[in-house]
2 protein chains.
Amino acid sequence: MPTITSVNVIDIRFPTSATLDGSDAMNPDGDYSAAYVVLQTDGDLAGYGLTFTIGRGNDLCVAAARQIGARLTGCDVDELAGNLGGLYRQIMSDSQMRWLGPEKGVVHLSAAAVLNAAWDLAARRAGKPLWRFVADMTPEELVAACDFRYLSDVLTPDEAVEMLARLAPTREERIAELAAHGYPAYTTTPGWLGYDDDKLRRLCREAVADGWTHVKLKVGANVEDDVRRLAIAREEIGDLTLMMDANQVWDVPQAIEWVNRLAPYEPLWIEEPTSPDDVLGHAAIRKAIAPVGVATGEHAHNRVMFKQLLQAGAIDFCQIDSCRLASVNEIVPILLMAAKFGVPVCPHAGGVGLCELVQHMSVVDYVCVSGSLEGRVLEYVDHLHEHFVDPVRIERGRYRLPDAPGYNARMHDESVAAYRYPDGHRWGG
Amino acid sequence: MPTITSVNVIDIRFPTSATLDGSDAMNPDGDYSAAYVVLQTDGDLAGYGLTFTIGRGNDLCVAAARQIGARLTGCDVDELAGNLGGLYRQIMSDSQMRWLGPEKGVVHLSAAAVLNAAWDLAARRAGKPLWRFVADMTPEELVAACDFRYLSDVLTPDEAVEMLARLAPTREERIAELAAHGYPAYTTTPGWLGYDDDKLRRLCREAVADGWTHVKLKVGANVEDDVRRLAIAREEIGDLTLMMDANQVWDVPQAIEWVNRLAPYEPLWIEEPTSPDDVLGHAAIRKAIAPVGVATGEHAHNRVMFKQLLQAGAIDFCQIDSCRLASVNEIVPILLMAAKFGVPVCPHAGGVGLCELVQHMSVVDYVCVSGSLEGRVLEYVDHLHEHFVDPVRIERGRYRLPDAPGYNARMHDESVAAYRYPDGHRWGG
């Protein structure tokens, strides 16, 4: 029986602030970072997971993930893989750690890192990509692995089983379709706020040439700049789809005014117009800026926030994040609620490793939960993929279906050695 | 010019789980703990602050508070005391740390500890209790120290100045009243879930004899037990006021059913009936259980959550917490919003040091913000006060107006030495 012999958590940081990659109105100088978890077994098998941060404080996530992960040392791998719901509940019911949230902030980010590694381990053990590992679970098995606590006023486990069962017989058809055509995506690469107009124009042009149909721009620092930048983008992409992302910089009245100023450029959505905690604020903004849509979720810290965003009619697009939510256990219930409310899931990605992980959740959404691609686009950013053993593959603006076993979170040993903070050699160690 | 020469953050834990003091349906075995911050100056002056946790993970708050507090070393004390709003904004605008929340979890708890110490330092420097230091600020000065970001759809800074100015001329009258009669309080001491029926009965009887008019019981583990315990409490306290606290254990439909089962004992409120993030859930519960009221807030992580609880009509009682919210800077805007909505503020206290700190916020509410005591009661729990240099003083169920300079958060050196984790001698160090 294979056993987990060690849980290593490593602080990895990339000095991205030097190039302004990833710069936006709220986050001018992020150093893309990961609290990277390795579950080592006594055999060849290992599990890899991470949570994503932008620099300072990554050490807090590392420390929390070590505490949360400690319980895994000595665990039987077969048992773990067969009861990922049990592991989740064990982690979430540590009341002393729960006090620090509950289910938010450093502790929840770190729980995500550990659980992502556990799901990766289970999928690798089965020799399957994570999405396939999930798609091979029965509706009952999948629901048993999920957390429906605090959701029963909107979705009960029984209703979830029913929803999953309806689509179960046709899962293979959708898998075949994704294998042939990939999953639709959009690019944020051209639109970082720190890029000058020439670079923006050039990157928009390249995006169109590369087959992208959707391009997203950061906005929110200066309205005149935004008008000019949107005009440039619109000029370059023609009638392709344009999105905007404000990264939480506005109050509610300001968001409405600012977005209405930019509406002539016909953006599909404004992302994170205000505080990610402000469900009612998003609902008010949405009412006032239609037909521009509202997208949010990368900082919505748990399933209870998504439940309310859906209940309040606050969002047109539901942006789950694989590293802020507590892994598959918490994400699948959100996919189910979004499907029930008819809101398309368009995950947040970028950073480091987010694309690698979250692509699996979009596949699960299509194959198992919603059965639809309508209105769905998965974020793509062209940063840092070279550090992953199985990086995402993009072709003509679509994600190719991942086929390597696991959750695609494993980094190259050389990358880990180079960017380990503060002693990796890229940090002068 | 006095200068801050060091920022010490100490991990202090009390082994309260051994006696089941503090046990409730969600938290069966808390070890009351504090990330304790000492701002030492080159003179005699020092500032003391803390955040409260229940054990594991207190080290994460200590580590975060060290990072957040580091910027204070070398600061000029006069400048700091004159610009506490500037310090707050500096801390909150660290975008890399902000990513880990924003404004929630470990980072926000730790920001509270540091800011509490800074306010304590400023008040001590002025030789005033914290409430008096605040009451001596003009409306404009106080508003400048506060954070109104994300609140302007409900309350603007200008409106806040107006509200404060209306009550400013009569502040001294209310201070004189509190000096004479104290601030009304309630006790949670009798009702911990781990206590047996005899202890519950005895403690209720003692509470009545001590002059308490309001008693709160923990509920939510087993409904039959709750019926029996409420009956005992009601028997002992007669027609005095009874409250209940479920510590987040229920889903929305379950909360409604359970509370309606307990309604015959005529509780004033049910506290934390469900997830603290569930604004809309609290609103639904409130509608379904009236005339029993809904109270929540000890885990509402920032001012944006309180804004929504008020907007949605989700609460009858607003329970701020001095260690979860980012100090006076964030609490005063919540007091103002609650006053605007006509919802009484009944702070959360207990734990370690929470009573000492939050009493100042109730005084500020009455003296500067709401001008009313109607429906207000401040929580009191009779634990661990002996570790504080200036502990709260209770007489016949009322808090005496604090008169020592500062925020009352300073602990005895001997207590710090004994309970420092893991090397204090009470921990076997």
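Me: How are things numbered here, and what gets counted?
Reply: Residues are numbered from 1 along each chain as its sequence is written, and chains are lettered from A and ligands numbered from 1 in the order in which they are written. The model is predicted, with local features needing pLDDT of at least 70 and side-chain atom pairs pLDDT 80 or more, while totals for chains, interfaces and linings use all residues; side-chain values use heavy atoms, with hydrogens and water left out.

Me: Why is A:Ser415 called buried?
Reply: Buried means under 20% relative accessible area (exposed is over 50%, partly exposed in between; 1.4 Å probe, protein chains only). A:Ser415 has 9% relative accessibility, so it counts as buried. The residue lies in helix H17 (residues 413-419) of chain A; helices are DSSP runs of H or I with at least four residues, strands runs of E with at least two, numbered from the N terminus.

Me: What makes the pair A:Ser415 and A:His387 a polar contact?
Reply: The rule wants N or O atoms within 3.5 Å, one able to donate a hydrogen and the other to accept it; residues adjacent in sequence count only if both atoms are side-chain atoms. These two side chains make theirs at 2.8 Å.

Me: How do you know that S7(B) and S8(B) pair?
Reply: Pairing takes at least two DSSP bridges. S7 (residues 269-271) and S8 of chain B have three, in the parallel sense, with B:Trp269 opposite B:Gly293. On its other pairing, S8(B) is joined by two bridges to the parallel strand S9 (residues 317-318) of chain B, where B:Ala295 stands opposite B:Phe317.

Me: Which way do the residues of S8(B) point?
Reply: B:Gly293 and B:Ala295 go one way, B:Val294 and B:Thr296 the other, and all are buried.

Me: What makes B:Arg56 and A:Asp94 a salt bridge?
Reply: That label needs a side-chain nitrogen of Lys or Arg within 4 Å of a carboxyl oxygen of Asp or Glu. Here N to O is 2.9 Å, and the rule finds six salt bridges across the interface of chain B and chain A.

Me: How much area is buried between chain B and chain A?
Reply: About 5100 Å², with carbon and sulfur atoms giving 53%; buried area is the accessible area (1.4 Å probe) lost on putting two parts together, summed over both. B:Arg56, B:Gln96 and B:Trp99 supply 18% of what chain B buries against chain A, more than any other three residues.
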